[in-house]
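Please keep the sequence and the coordinates at hand while reading.

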Amino acid sequence: MRVRDIPRAMASETSLVRACLNVLALHRVMAWRNNTGGFYAPSMRFIRFGKIGSSDIFSILPGGTFMAIEAKRPDGRLSPAQAEFLRQVRDAGGYALLITDAAALERWLVAWETGQTSRTGCVSR
């Protein structure tokens, strides 16, 4: 499979996340957007959802291994909480990826399918 018509420099991290979810779907990998943030309820109480620093995309690879994907623009940087979350995923036996373009995720998945990957790393910088 090949990713076509996905620009290397994405307009936003949101569009990069969307493109990565499409690539994962092409490879039949179960994946979902992990939302984090917070809001003020009508009572003016702040309600937080999601774990601070958790990745943009969570997925389960065929065979059952967890994978966390942090999507960043090419000029983006991981926060300390994001770096720590990726470390925890890797230490627990999952795959932890920093992706700056969807084509790099495509290449990583092809390498994974042939057993040529590591559990961590930046695959597109």
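Is leucine 105 buried or exposed? In this predicted model, leucine 105 is buried, because its relative accessible area is 0%, under the 20% cut-off for that class.

## Surroundings of leucine 105

Leucine 105 belongs to helix H3, and, leaving out residues up to four places away in sequence, it touches Cys20, Val23, Leu24, Ile69, Leu97 and Ile99. Between the C-alpha atoms of leucine 105 and leucine 21 there is a separation of 9.9 Å, although 84 residues of chain lie from one to the other.

Helix H3 itself has 12 residues and reaches 17 Å from its first C-alpha to its last, which is close to the 16 Å expected at 1.5 Å a residue. Its buried residues are Ala102, Ala104, Leu105, Glu106, Trp108, Leu109, Ala111 and Trp112, and H1, E5 and E6 are included in what covers them.

## The nonpolar cores

The largest nonpolar core contains 20 residues, and those with the most contacts inside it are Leu24, Leu61, Met67, Ile69, Leu105, Trp108 and Leu109. Two or more residues each are given to this core by helix H1 (13-26), strand E5 (66-71), strand E6 (95-99) and helix H3 (102-113), with H1 providing the largest share, 6 residues.

Leucine 109, when its neighbours within four places in sequence are set aside, is in contact with Val23, Leu24, His27, Val29, Leu61 and Met67. Another core, of 6 residues, lies apart from the largest one and has Ala68, Leu86, Val89 and Ala96 among its members.

## Salt bridges

The whole structure holds 6 salt bridges. One network of them links Glu84, Arg87, Arg90 and Asp91.

Arginine 73 counts as partly exposed at 33% relative accessibility, whereas aspartate 75 counts as exposed at 59%.

## A nonpolar surface patch

Tyr40, Met44 and Phe46 make a nonpolar surface patch of about 370 Å². Phenylalanine 46 is placed in strand E3 (residues 46-49) and is partly exposed, at 37% relative accessibility.

Technical notes
Residues numbered from 1 in each chain as written. Predicted model: local features only at pLDDT ≥ 70, side-chain atom pairs only at ≥ 80, totals over all residues. Heavy atoms only, no water. Core = buried A, V, L, I, M, F, W, Y, C linked by side-chain atoms within 4.5 Å. Buried < 20%, exposed > 50% of the residue type's maximum accessible area, 1.4 Å probe, protein only. Helix = DSSP H or I, 4+ residues; strand = E, 2+ residues; numbered from the N terminus. Contact = heavy atoms within 4.5 Å. Patch = residues over 30% accessible without salt bridge, like charges linked within 9 Å, V, L, I, M, F, W, Y side chains within 5 Å. Areas by Shrake-Rupley, 256 points an atom, 1.4 Å probe, with all protein chains shown as cover. Salt bridge = Lys/Arg side-chain N within 4 Å of Asp/Glu carboxyl O. Expected span 1.5 Å × (residues − 1).
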